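Subject: Structure handover

Hi,

Here is the structure for you to look through. Please open it first, then read my notes below.

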Amino acid sequence: MRLTEETELSFISLLEERGIRLEGNILKVLETDSEPFKDYIQNGLSKDDELRKKRLEITRQVQEQNKELQQKAEENDKLMNEIKQALADADQAKEDALNDLDLMQKKSQFELIGSIVQVALWIIMGVGVITTMLYAMALFTGSVDTTLLGNTWSNLFGILLTNSFSIIGTIMGVKYATDDKSSKKDE
Amino acid sequence: MINSILLVDDENLFHLVFEDACSLLDITLNLESISSADQAANMFRDWQGKPKMKPDCVFVDLNIIGSSFDGIELIRKINFEYGNGVVIGIISSSEDKQEIDKAIEAGAQFWIVKSDDIEPRLEQFKEDYEGYCNRINPFKVYV
């Protein structure tokens with residue numbers, strides 16, 4: 001593509017007076033015999049190359065930063081997932097520990113109740129045996145207090161039986177109530 | 001110099017890199033960059049029967065995010081559905097052998113590996129371009 005000499009001079013003076021020049025690929029298709037306009041084109045091409053190199057460098061830096069940001073975002077996502085998993089594990093561990101604690105408390109409660117029942121039953125049986133032995137001795141030795149001891153023995157035996165059933169009933173009630181609570185909790 | 005080039009790549013920053021590299025290497029004076037394989041397919045469909053409108057050379061990214069199909073499918077469509085006649089190949093950061101084989105089957109003529117230093121590969125491609133135009137060059141991977 002060729003321009004007239006007048007146009008070439010106009011472009012040169014526009015550059016000298018106002019610093020405005022032709023840029024871009026148009027410079028690559030211009031042809032001329034004029035030395036000043038050849039210089040004009042050559043300077044324009046050099047300037048264009050410089051600008052493109054600069055832009056290329058910046059674009060590459062931005063690309064690099066984008067890649068880094070993307071990598072960091074992926075790492076962040078990974079870390080977030082790990083944290084979520086760790087929190088879920090901790091929650092599960094806490095729940096397990098609470099369940100274990102509850103189980104241990106119940107176990108110790110039952111053991112305590114078992115011991116109380118055992119002791120109570122031994123006492124009941126002991127009192128029953130002792131009273132029966134006293135009543136039997138009074139009967140065999142011909143003591144005058146047999147009537148009193150007989151009434152006492154029957155009263156005492158009745159009370160002891162009632163109390164023992166009461167204890168067993170209370171224990172069974174506590175047991176069923178606890179089982180019911182724990183099954184509702186599980187649901 | 002290649003008369004006209006079409007670049008199909010979803011990464012807009014790479015458009016700038018490619019444009020600057022092409023200008024610095026005097027590869028072309030007419031470069032159009034688009035981000036969608038669908039858009040490219042539509043353009044080629046519209047250009048059917050209008051060979052003058054078609055670009056001389058097409059560079060296609062392998063994975064074009066946001067498009068209905070990938071770069072290999074686009075090449076297949078351009079070659080087999082919309083009529084051949086352009087030099088076409090892949091420009092991608094991938095070097096997957098299976099993908100390269102698929103690209104060859106789809107009719108790609110070259111595979112340029114996209115990296116920070118793309119200018120030497122484009123320069124080599126520029127030297128080989130005539131061979132691709134005349135369909136005498138075999139498929140080549142520019143690494």
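Chain B has five helices and six strands. Here helices (H or I, at least four residues) and strands (E, at least two) are DSSP runs, numbered from the N terminus. From the N terminus on, the order in chain B is β-α-β-α-β-α-β-α-β-α-β.

A word on the source. This is a predicted model, where local features need pLDDT of at least 70 and side-chain atom pairs count only at pLDDT 80 or more, while totals for chains, interfaces and linings use all residues. Residues are numbered from 1 along each chain as its sequence is written, and chains are lettered from A and ligands numbered from 1 in the order in which they are written.

Back to chain B. Of its 143 residues, 37% are buried. Buried means 20 or more other C-beta atoms within 10 Å of the residue's own; exposed means 12 or fewer; partly exposed is in between; C-beta atoms are placed from the backbone. Two residues are in contact if those C-beta atoms lie within 7 Å. Among the chain B contacts with a separation of 6 or more, 66% join residues 24 or more positions apart.

Look at helix 5 of chain B next. The expected span is 1.5 Å times one less than the number of residues. This helix bends by about 45° at Glu127(B). The bend is the angle between axes fitted to the seven residues ending there and the seven starting there. After helix 5 comes Arg135(B), with a positive phi near 60°.

Asp116(B) sits in the loop between strand 5 (110-113) and helix 5 (119-133) of chain B. Why is Asp116(B) exposed? Because it has 9 other C-beta atoms within 10 Å.

Now chain A. Its average pLDDT (the predictor's confidence in each residue, from 0 to 100) is 85, and 93% of the residues score at least 70. Helix 4 (residues 146-186) has the lowest confidence in chain A, at a mean of 72. Helix 3 (residues 35-141) of chain A has 107 residues and reaches 156 Å from first C-alpha to last, close to the expected 159 Å. Helix 3 of chain A is hardly covered, with seven buried residues. Among them are Tyr40(A), Leu56(A) and Tyr135(A).

Finally, the two chains meet. Nine residues of chain B are in contact with 13 residues of chain A.

Best wishes
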